[in-house]
Amino acid sequence: MAIKKPKAPKGKNPQEKHKFIDRKLKKKDKKVKRSKNANFIPLGDNPLIAEKKKKEKEKKEKEKGSESLTLVSTAPAAQQLRFFLHHFQSANGFKLSPLELEAFKDTCMVELSQSMDQDVENFGEHMKAPFEASWKDVLCEGKLLEGKVDAGCPAIIVISTSALRSLELLRGLKSLTRECRPAKLFAKHMKVEEQVALLKGRVNIACGTPSRIKKLIDMDALLLSRVQVIVLDMQRNAKGFSLFTLPQVSTEFWDLYKSHFNERLLQGHTKICFYGHVSSAEMSKICGSDE
């Protein structure tokens, strides 16, 4: 294979031109020798390695797609409680004593219907269940009632991982929020001052992220005396993280829970309601069976 002699750039003296041409010829000569070597693998993207990585990625996605899932809130209350307390202890790096565990009752967990899927469209129907026949008065009425319904005091607080997910869930509650606007409690595109102003009226349902919810509680703008149900959205994001596993958000959630919700749960004033799927293997490993 003939090697074409390169041209030296203009403006160089004869000695520099010779050196430049020699360097270029050596580089071309190496390329020619390498191209004749059947075992030579060029630098850059290796098609064999790229194909292998592609197959591994497809395999992982297939395994992820075929992962068996279960709805936590359709499990017996005792199993739900074990699932919740397992994550509570794991996230905070401590183990509750038998006496402390006894203080948590199965009645603090909400069991939802198995006949409806837990998607956005059915969210409103599911939220009626914990309030039974009184759901319309509690969740739909828009007027303050002195001594019964104070400003900024919702009956339901929905906690999710992001502002976008909060908006999705609120769309599923439209049938319940026509007379009384829900409180959107997240930081994205929402100023604290706007949320404080909204909380000066009646609020039946509040939905948002842990950090903003805690901030508004600490400001005494969001009150908890009427909160009967705390909904924990268990949907996983594109990377597979949920409210219990997403870095920072998980920490913020447990900080919120410990500082404001734990005591209400122990006193029986508030219940926990899971919404969405979790891994069946994880649920089985943590909870076992009550049979």
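Ile157 stands opposite Ala206 in strand 4, one of the pairings in a predicted model whose local features need pLDDT of at least 70, with side-chain atom pairs counted only at pLDDT 80 or more and totals for chains, interfaces and linings taken over all residues. Residues are numbered from 1 along each chain as its sequence is written, and side-chain values use heavy atoms, with hydrogens and water left out.

The pairing of Ile157 with Ala206 belongs to a set of four bridges that join strand 2 to strand 4 (residues 205–208), the two running parallel. Strands here are DSSP runs of E at least two residues long, helices are runs of H or I of at least four residues, and both are numbered from the N terminus. Two strands count as paired if DSSP finds at least two bridges between them. In general terms, strands of a sheet pair through backbone hydrogen bonds, either parallel or antiparallel.

Zooming out, the protein chain has eleven helices and seven strands. Of its 291 residues, 41% count as buried, where buried means under 20% relative accessible area, exposed over 50% and partly exposed in between, with a 1.4 Å probe and protein chains only. Take the contacts (heavy atoms within 4.5 Å) between residues at least 6 apart in sequence: 73% of them join residues at least 24 apart.

Five strands make up an open sheet in the order 3-4-2-5-6, with parallel pairing. Strand 3 (183–185) and strand 6 are the edge strands, each pairing on one side only. On average, neighbouring strands of this sheet are turned by 20° against each other, direction ignored; angles of this kind run from 0 to 180 degrees between N-to-C directions, with axes being lines fitted to C-alpha atoms, for helices over the stretch in contact. Helix 7 (residues 163–171) packs on the sheet and touches strand 2, strand 3, strand 4 and strand 5, its direction making about 150° with that of strand 4. Helix 9 (residues 210–218) lies across strand 2, strand 3 and strand 4, running at about 140° to strand 2.

On the strand 3 side, three bridges join strand 3 to strand 4 in parallel, and Lys184 has Cys207 as its bridge partner in strand 4. Strand 3, helix 8 (residues 192–198) and strand 4 form a right-handed β-α-β unit; right-handed means that, with the strands pointing away from the viewer, the path from the first strand over the helix to the second runs clockwise. From strand 4, Ile205 and Cys207 point one way and Ala206 and Gly208 the other, and all of them are buried.

Strand 5 (residues 229–233) is mostly covered too, with five of its five residues buried. Val229, Val231 and Asp233 sit on one side and Ile230 and Leu232 on the other. Four bridges link strand 5 in parallel to strand 2 (residues 156–159), with Val231 as the bridge partner of Val158. Strand 5 also pairs with strand 6 (residues 271–275), again in the parallel sense, over five bridges; here Val229 is partnered by Lys271.

The contact involves Phe84, His87, Phe88, Ala91 and Asn92 of helix 3, and Trp254, Tyr257, Lys258, Asn262 and Leu265 of helix 10. Gln79, Arg82, Phe83, His86 and His87 of helix 3 meet Glu282, Met283, Ile286 and Cys287 of helix 11.

Val278, in strand 7 (residues 277–279), counts as buried because its relative accessibility is 5%. Leaving aside neighbours within four places in sequence, Val278 is in contact with Ser68, Leu69, Thr70, Val72, Phe83, Met234 and Met283. Met234 is 44 residues from Val278 in sequence and 7.0 Å away in space, C-alpha to C-alpha. His126, in helix 5 (residues 123–128), is buried with a relative accessible area of 1%. With the neighbours within four places in sequence left aside, His126 is in contact with Leu112, Ser113, Met116, Asp117, Gln118 and Tyr275.
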